[in-house]
Protein chains: 2
Amino acid sequence: MTDVVQISPDVTRLLEDKNLAFVATLMKDGSPQITPTWIDLVDEMIIVNTAEGRTKQKNVSRDPRVGISIVDRNNPYNMVTIHGKVIEQTTVGADKHADKMAKKYLEVDKYPFAAPGEKRILLKIIPQKIFHMPPRL
Amino acid sequence: MTDVVQISPDVTRLLEDKNLAFVATLMKDGSPQITPTWIDLVDEMIIVNTAEGRTKQKNVSRDPRVGISIVDRNNPYNMVTIHGKVIEQTTVGADKHADKMAKKYLEVDKYPFAAPGEKRILLKIIPQKIFHMPPRL
């Protein structure tokens, strides 16, 4: 089992508030790729809701290492960088979770962007290193 | 010479407006690391102003491949993802450029965060792939 680090209250707030997260994964050639995404924290695990076949889903299936950066939407100088690893991918509960994220970020009850035939997948990420930079402004 | 791609007017606007950019680099073990950063566009090259010895500067010295993600601060669903490569690092003009970035992002004339002995460095990045996702909301 890989080392997991504790998530502090300040970092929990960054994850629970409706900040966009930027998630970096590795392309087949090892180069880094970033996408902005909604994010959730459940039972000390960071959750990203994506769909089967998306670049980041394919990338983490090949190499589970991810980098995450979150900036406080109310203060761009309050930020956290996380190194982590996807330890599980599951479709179970993923549609319902997309609705939860739509509620969090858009204040609507139903995820509005579902494409026909799209299969939602939850990426469950454990944090292995966390650097929180408290505001300097 | 690696292929360079053209930067469209919409992407130029994302780079020129005062949006934070998220830059992913590769750690020594190949894992991805992200940091939020100020960003500039000069002569079709993307410029990141950093300091010697910072994680991202050390990372791109080892492997020049970077991922960049920028989200429109006025519309989080207008975003661009860029794959690029650092083709040059220089200290020439870097202090003055830090002041230019402070003007752009903080509306002050002088970069206020200079640490004693810090040596500023410009990372010059050529874009190799650009994915612009126009707003869906």
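## Strand pairing in chain B

In this predicted model, Ile47(B) stands opposite Lys124(B), a residue of β7(B). The two strands concerned, β4 (residues 45-51) of chain B and β7(B), pair in the antiparallel sense, and 6 bridges are counted between them. β7(B) is also joined to β6(B), again antiparallel, by 11 bridges, and within that pairing Thr90(B) has Leu122(B) of β7(B) as its bridge partner.

β6(B) pairs in turn with strand β5 (residues 65-72) of chain B, in the antiparallel sense and over 8 bridges. Here Ser69(B) has Thr81(B) in β6(B) as its bridge partner, and the two strands make a hairpin in which 2 residues lie between β5(B) and β6(B).

## The sheet of chain B and its helices

Which order do the 7 strands of the open sheet in chain B take? They are arranged as β2-β1-β5-β6-β7-β4-β3, with antiparallel pairing. The edges are held by β2 (32-37) and β3 (40-42) of chain B, each of which has a single partner strand, so that one side of each is left without a neighbour in the sheet. From one strand to the next, the twist averages 35°.

Two helices of chain B lie across strands of this chain. Helix α2 (residues 55-62) of chain B lies across β1 (21-26), β2, β4, β5, β6 and β7 of chain B, and runs at about 50° to β1(B). α3(B) lies across β3, β4, β6 and β7 of chain B, running at about 50° to β7(B).

Lys85(B) belongs to strand β6 (residues 75-90) of chain B. Is this residue buried, exposed or partly exposed? With 17 other C-beta atoms within 10 Å, Lys85(B) is partly exposed, because that number falls between the limit of 12 or fewer for an exposed residue and that of 20 or more for a buried one. Between Lys85(B) and Gly30(B), which are 55 residues apart in sequence, the C-alpha to C-alpha distance is 16 Å.

Gly117(B), by contrast, is placed in a loop, the one between α3 (94-106) and β7 (120-133) of chain B. Gly117(B) counts as exposed, since 7 C-beta neighbours are found inside 10 Å.

## Overall form of chain A

Chain A contains 3 helices and 7 strands, which follow one another along the sequence in the pattern α-β-β-β-β-α-β-β-α-β. Its radius of gyration, 15 Å, agrees with the value near 14 Å that a compact globule of 137 residues would have. Taken along the principal axes, the C-alpha atoms of chain A fill a box of roughly 45 × 35 × 25 Å.

Among the 137 residues of chain A, 34% count as buried. Of the contacts in chain A with a separation of 6 or more, 71% are accounted for by residues 24 or more positions apart.

## The sheet of chain A

The 7 strands of chain A form an open sheet with antiparallel pairing, in the order β2-β1-β5-β6-β7-β4-β3. β2 and β3 (40-42) of chain A stand at its edges with a single partner strand each, which leaves one side of each without a neighbour in the sheet. Direction ignored, neighbouring strands are turned by 35° against each other on average.

β6(A) and strand β7 (residues 120-133) of chain A are paired antiparallel over 11 bridges, with Val86(A) opposite Ile125(A) in β7(A). Helix α2 (residues 55-62) of chain A packs on the sheet, where it touches β1, β2, β4 (45-51), β5, β6 and β7 of chain A, and its direction makes about 50° with that of β1(A). Helix α3 (residues 94-106) of chain A packs on the sheet as well, touching β3, β4, β6 and β7 of chain A, with its direction at about 50° to that of β7(A).

## The contact between the chains

The contact takes 22 residues from chain A and 22 residues from chain B. On the side of chain A, the elements that give two or more residues are β1 (21-26), β2 (32-37), β5 (65-72) and β6 (75-90), and the largest share, 6 residues, comes from β5(A). The residues on this side divide into 12 nonpolar, 9 polar and 1 charged.

The same surface serves both copies, as 100% of the contact residues of chain A recur in chain B.

Methods:
Residues numbered from 1 in each chain as written. Chains lettered and ligands numbered in written order. Predicted model: local features only at pLDDT ≥ 70, side-chain atom pairs only at ≥ 80, totals over all residues. Helix = DSSP H or I, 4+ residues; strand = E, 2+ residues; numbered from the N terminus. Rg over C-alpha atoms; globule rule 2.2 N^0.38 Å. Contact = placed C-beta atoms within 7 Å. Nonpolar A, V, L, I, M, F, W, Y, C, P; charged D, E, K, R; others polar. Pairing = 2+ DSSP bridges. Axes fitted to C-alpha atoms, helices over the stretch in contact; angles between N-to-C directions.
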